[in-house]
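Here is a short briefing on a protein model. It takes up surface, pocket and charge pairs in turn.

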Amino acid sequence: MSRHVTIRLDEEFHDRLKARAAAEGTTVTALITDVVRRELDEDREQFLAGVEEFAEHWDYFQERFGKQERSGGPAT
């Protein structure tokens with residue numbers, strides 16, 4: 001069963017949502033629902049916490065494993 005929720009958006013923001021939904025081939029309702037689902041996803045929270053922890057230790061990784069130079073071309 002689904003429930004209706006009412007939110008108020010200024011016209012400019014609503015126009016941006018409509019344009020994004022159209023570009024993605026979906027509806028404003030589906031776009032909002034997808035964004036909220038992702039925001040509340042527990043796995044996403046765990047992933048972001050892991051990324052944050054990795055970022056906090058970036059200097060260690062750089063020191064331990066060295067900086068790897070990126071080449072401008074495709075890997076061979």
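This is a predicted model: local features need pLDDT of at least 70, side-chain atom pairs count only at pLDDT 80 or more; totals for chains, interfaces and linings use all residues.

Residues are numbered from 1 along each chain as its sequence is written, and side-chain values use heavy atoms, with hydrogens and water left out.

**Nonpolar patch**

- Val 5, Ile 7, Leu 9 and Phe 13 make a nonpolar surface patch of about 370 Å².
- Patch members have over 30% relative accessible area and no salt bridge; nonpolar side chains (Val, Leu, Ile, Met, Phe, Trp, Tyr) are joined within 5 Å, like charges within 9 Å.
- Areas come from the Shrake-Rupley method with a 1.4 Å probe, and for residues only the protein chains shown count as cover.
- Ile 7 sits in the segment before helix H1 (11–24). Helices are DSSP runs (H or I, at least four residues), numbered from the N terminus.
- Ile 7 has 49% relative accessibility, so it counts as partly exposed. That class lies between buried (under 20% relative accessible area) and exposed (over 50%), with a 1.4 Å probe and protein chains only.

**Largest pocket**

- The largest pocket holds about 400 Å³ of space. This volume is the space filled by probe spheres set on grid points, which are joined across faces, edges and corners.
- A pocket is an open set of points on a 1 Å grid over the protein atoms alone, with protein on both sides within 12 Å along at least five of seven lines; a 1.4 Å probe is used for cavities, and lining residues have an atom within 4 Å of a point.
- The lining has 13 residues; Val 5, Ile 7, Thr 29, Ile 32 and Thr 33 lie nearest the centre.
- Helix H2 (residues 28–40) gives the most to this lining, with seven residues.
- By type, the lining has seven nonpolar, four polar and two charged residues.

**Salt bridges**

- Side chains of opposite charge can pair when their charged atoms come close.
- The whole structure has two salt bridges (a side-chain nitrogen of Lys or Arg within 4 Å of a carboxyl oxygen of Asp or Glu).
- Asp 15 pairs with Lys 18 at 3.9 Å, N to O. The two are three residues apart in helix H1, so about one helical turn separates them.
- Asp 15 is partly exposed at 42%, and Lys 18 is partly exposed at 43%.
- Arg 38 pairs with Asp 34 at 3.7 Å, N to O. Both lie in helix H2, four residues apart, about one turn.
- Arg 38 is partly exposed at 45%, and Asp 34 is partly exposed at 39%.

Key. Ala, Val, Leu, Ile, Met, Phe, Trp, Tyr, Cys and Pro count as nonpolar, Asp, Glu, Lys and Arg as charged, and the others, Gly among them, as polar.
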